[in-house]
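Q: Could we go through this model together, please? I would like to begin with the strands and then move on to other topics.

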Amino acid sequence: MSAPPTPVVSVRGLAKSFGGKTVVSGVTFDLMPGEVLALVGENGAGKSTTKNMLCGLLTPSDGEIHVDGQPVERVDRRRHGISAVHQELSLFGSLTVTQNICIADLPGHAARVDWARAEQRAREQIDFLGIRIDPQALVETLGAGKQQIVEIAKALLHAGKVLILDEPTTSLTAVERDKLFAIIDKLRARGLAILFISHFMDEIYRVCDSFVVLRDGRQVAQGRLAGMSQRRLEELMVGRTLEDARIEPAPPTDTPALELRNLSSPDFRDIDLTVHRGEILGISGLMGAGRTELAQAVYGLRPATGELRIDGQPATRSVAAMKARGLCYVTEDRRGDGLFLNRPVRENLSALSIARFVRRHLPGLGFRGERDAARRLAGEMNVALPDIENPVDDLSGGNQQKVLLGRALATDPEILILDEPTKGVDIGAKFDIHAAIVDLARRGKAIVIVSSDLPELLHVTHRIAVMRKGRIVGEFRRPDYDSVRIISLAASSAERQT
């Protein structure tokens, strides 16, 4: 009788503290060769800290890590064969694919790099992953999907035993996700152990064999996914029973709030849309379809021709004019365009509504009520943070997203345009955000949601407009939603459907 296989990695009672505060404790699991293990939990649950201990970026405060049965005090990625693809890509856009993949281990010596050998290494990794990418191409010329593949190829050079993938599909289209899943299947067949961190339940059930659930820094469950229902897994993550997942928004009114007529730019053409008060309109499509460009043009961030009306009256397309008319736009790029990363959470929450707190007749004495309002808003958005004076960059990605959304809601907008509103947000926060959006619509607000997450649009919207190559090629109303038709229309050259 053969002996059972040895775990590639075993952790026992893993813990980490910062400044006397324990953020992770009691993490215990085995990761076997060829296994894909899901590490799941809400934002702030301790997933990133656990990941960083496993790939050597942090030293555990307590507990044990064993690699191939041998204890290690701190993981060394080269010696132990553990590598990670982090949520924020670490590529240099101005360097080539080859330079990025081999940058941590360039062949040759300090005086002369063997670039031919480096390109051969890069090409071997790319060929194994099954994606056509020119090793000499600059990374900045690649789309998000291919950049993600380059990041994986870079990590695979040192991932002899374990590859950690942290939210690897956040910026990918449905087609690109399927390609990534096929790559994961190839890596699993090669015997590589994979730790998979994701907020998307469908992805977890597609690629993972087992799971570990973290909540508030502690491990609360683990096991095989077979036989574990999605609803039960979600409830373990959030620590409460979720209401029925399908939210039914109230019927919208017949009063137009936002009207677009023949809106055109280099990125989109002949856009005709009407959003009514109380309506939630979703805009679906593949990356490059022109969805974000359209949202930005409406807000005045991009030039465009055509007519725009708010409440039946012509409106000037400028940021100042849109704000004055009660329209607010929330960017998809919270780090690049949305948040002031080195400023306190308080300032980020109040940035759009700061005028209401200014002591106009007593300059230099600060902003009355700003701190209390920011603290109240952080509570309403369920932002997990030690103090509102901490820099927003200290927060997890999901909590940063909550701050971005909270800042917009503080202005009490009449029309709200949300670009990927739940990007990087955990299942509990996503549920709360969706409920908040539906509540805004019930109060007569007009909502536009641009999202790559089709289940999200099916979940909360009254109507979905599908964009392809800069045009609206179809519209679907809630009673007639058909995910297969929507995806097919977004990816095909079919004529407009309604």
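**Strands, a helix and a pocket**

A: Strands β16 and β17 (residues 313-314) pair in the antiparallel sense over two bridges. Strands are DSSP runs of E of at least two residues, helices are runs of H or I of at least four, and both are numbered from the N terminus; two strands pair if DSSP finds at least two bridges between them. The model is predicted: local features need pLDDT of at least 70, side-chain atom pairs count only at pLDDT 80 or more, and totals for chains, interfaces and linings use all residues. Residues are numbered from 1 along each chain as its sequence is written, and side-chain values use heavy atoms, with hydrogens and water left out.

Q: Which residue stands opposite Pro314 in β17?

A: That is Arg309. The two strands, β16 and β17, form a hairpin with two residues between them, and Asp311 in the turn has a positive phi of about 55 degrees.

Q: Which other strand is β16 joined to, and over how many bridges?

A: Five bridges join β16 (residues 305-310) to strand β13 (residues 256-265), and the two run antiparallel. Within that pairing, Arg261 has Glu307 in β16 as its bridge partner.

Q: Turning to β11, why is it largely enclosed?

A: Five of the six residues of β11 (residues 210-215) are buried, so the rest of the structure largely encloses this strand. Buried means under 20% relative accessible area, exposed over 50%, and partly exposed in between, with a 1.4 Å probe and protein chains only.

Q: In which sense does β11 pair with β3, and with β12?

A: With β3 (residues 36-40) the pairing is parallel, over four bridges, and Val40 stands opposite Val213 in β11. With β12 (residues 218-224) it is antiparallel, over six bridges; there, Leu214 has Gln219 as its bridge partner. The hairpin of β11 and β12 has two residues between the strands, and Asp216 takes a positive phi near 55 degrees.

Q: What is the order of the open sheet of six strands?

A: The order is β18-β19-β20-β15-β21-β22, with mixed pairing. β18 (327-330) and β22 (471-477) are at the edges with a single partner strand each, so one side of each has no neighbour in the sheet. Neighbouring strands are turned by 15 degrees against each other on average, direction ignored. Axes are lines fitted to C-alpha atoms, for helices over the stretch in contact, and angles run from 0 to 180 degrees between N-to-C directions.

Q: How many bridges join β15 to β20?

A: Four, between residues 280-284 and 446-450, and these strands run parallel. Gly282 has Ile449 in β20 as its bridge partner.

Q: Which strands does helix α14 lie across?

A: Helix α14 (residues 397-409) lies across β18 and β19 (415-419), at about 175 degrees to β18. Of its 13 residues, 12 are buried, so α14 is largely enclosed by the rest of the structure. The cover over these buried residues includes β18, α11 (334-338), α12 (345-350), α13 (370-380), β19 and α15 (427-442), where contact means heavy atoms within 4.5 Å.

Q: What about the largest pocket: which residues lie nearest its centre?

A: Gly44, Ala45, Asp394, Leu395 and Ser396 do, out of 49 lining residues. On a 1 Å grid over the protein atoms alone, a pocket is an open set of points where a 1.4 Å probe fits, with protein on both sides within 12 Å along at least five of seven lines, and lining residues have an atom within 4 Å of a point.

Q: Which elements each supply at least two residues of that lining?

A: They are β2 (21-31), α1 (47-54), α8 (230-238), α11 and α14.
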